[in-house]
Amino acid sequence: MKKIILLLLLAGSLSAQVRLPRSTPEKEGVHSESILKFLEEAEKQHIEFHSFMMLRHGKVIAEAWWQPYRDDLVHTLYSLSKSFTATAVGFAVQEGRLSVEDKVVSFFPELKPETVNDNLANLKIRDLLTMSAATTKEPMGIITTDNWVKAYLASEFDIPPGSRFLYNSTATFMCSAIVTKVTGQTVFDYLESRLFKPLSIKGIDWETSPNGINTGGWGLRLHTEDIAKFAQLFLQKGKWNGKQLIDPKWVDTASSKQILQSPEVSDEKRAKSDWLQGYGYQMWRCRNDAFRGDGAFGQYAIVIPDKDVVIVATAETGDMQSEINLFWDNLLPGISDAQNLEFSEKAELLEIKLKSLQLPVNRVQKQADTEKLAHKKEIDFENNTVGLSSLQLDFEKDRLFLHLNKDGQKDVLRIGRAHWDLDHTVIKGPYLVSRAEHNLENIGAFETAGSFTWLDAHRLEITIRYIQSPHTAKYTLHFEGNEVLLDYQSSIPNAETVSIKGKM
């Protein structure tokens, strides 16, 4: 009887996890060779992808995760979160709770400054959505305060609203705050029954401000397939499984050009950029008559309506234009108007390639007598900007147990010897919005993949990938007797190496 109950529970659990239908490239009119070429070019150009998914006619035709990243893990979206916040605004408009013509200050009379200039007084929700929110500088300093809404309204609004495009994550936060004000729910909770549940999106989270408002412009973490479902919903004009979830007019407006980023640039420059094609409601217009949501370091949800195609990627790159060029140059030419292509031997090669992708790990191990000397010794560090107080190294045959004391948190991480060892930790990794107060408090432990190698007799390199985010932390320890010099390097592009002195 117990076995029957268990099987029934398992069947119910599996049936609740509704996945997108699967197919093959050729069956949906796409040449496998083009996807294979995309993957090969990504390797040649050293663009670090974490996941990739391509849909045609609503079916997944190619999907990949570069190990140690996995399909069951959520991934930080950064500004791709903005498209979800705008969708929450769309639902609120659909339900008559607000209008995009409503004035922003009207929602927060108790928080507005004593003097409200004309620019702030005339600021509308539409201006927040189109990144034309009456400022020439983004007021990101608000995230270091206890009340982000109050701090935002006290910012300098120095140009008329709607007059100039300025990419602005705090404007998106204000959209989140307004939705919370009119619904009594966070954007996350508000979208649960309207978007996440109908699309069978589960096991996700979203960062909040100190007052419990979702950050809006960043902080949402989804699985790769969840991103694909959202993009497919927009490709289908807001319809899902035969039901119209969101007004198709909203979808059209949000994904259409509402403002031009830089009207003064030449046609030649505009033709080469996917950041100069126009901006909708928290969505970018692209070349090739496409539109997208995107996030820092290469998080993409691209919709190509006239090809009936969705492309999704998570990554870490400092050159997002090169990443999107890979899609245009390799994937786009492989999309045929034919409904069904002949079988290609490239299909088998593609299948093998998709299953074998992994990020490199340094497998070269130098001889290091220092390992015996450093084993189980605590290393104390001088004050530093990394927040690292001490660490201890417990070596075993196949792994290292790394005891970290960082930012007031203590934890032990498994680190593989020249291989990725999986673990989780409460210690925060590199993050672009690390100054935000309390934004990660509701997130919980962070999944990691760690590896270490001896570079030479005196240098130990420890790499920790935070595999629910784009980023990696690298600790390189230089041992000279009892003296230790640690170089800390975040993988965030252009981040400086921090050198810290310590003693065993």
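1. **Basis.** The model is predicted: local features need pLDDT of at least 70, side-chain atom pairs count only at pLDDT 80 or more, and totals for chains, interfaces and linings use all residues. Residues are numbered from 1 along each chain as its sequence is written, and side-chain values use heavy atoms, with hydrogens and water left out.

2. **Helix H8.** Helices (H or I, at least four residues) and strands (E, at least two) are DSSP runs, numbered from the N terminus. Buried means under 20% relative accessible area, exposed over 50%, partly exposed in between (1.4 Å probe, protein chains only). The buried residues are Val 187, Phe 188, Tyr 190, Leu 191, Arg 194, Leu 195 and Phe 196. Seen down the axis of H8, they fall within an arc of 155 degrees, so they line one face of the helix. The arc is that of the directions from the helix axis to the C-beta atoms.

3. **Cover over H8.** The buried residues of H8 are covered by elements including helix H3 (81-94), helix H7 (169-183), strand E4 (205-206) and helix H9 (224-235). Contact here means heavy atoms within 4.5 Å.

4. **Sheet.** E4 also belongs to an open sheet of 3 strands, in the order E3-E5-E4, with antiparallel pairing. The edge strands are E3 (75-76) and E4; each pairs on one side only. E3 pairs with E5 (residues 220-222) over 2 bridges. Two strands pair if DSSP finds at least two bridges between them. Thr 76 stands opposite Arg 221 in E5.

5. **Cysteines.** The whole structure has 0 disulfides, a disulfide being a pair of cysteine sulfur atoms within 2.5 Å. Cys 175 is buried at a relative accessible area of 1%. Cys 286 is buried at 4%.

6. **Aromatic pairs.** The whole structure holds 26 aromatic pairs. Rings of Phe, Tyr and Trp (its six-membered ring) pair if their centres lie within 6.5 Å; planes under 30 degrees apart count as stacked, over 60 as edge-to-face and the rest as tilted. Tyr 300 and Phe 327 are edge-to-face, 6.0 Å centre to centre, with 80 degrees between the planes. Tyr 300 lies in strand E10 (residues 299-304) and Phe 327 in helix H12 (residues 320-331), so the pair ties together parts that are 27 residues apart in sequence. Both Tyr 300 and Phe 327 are buried.
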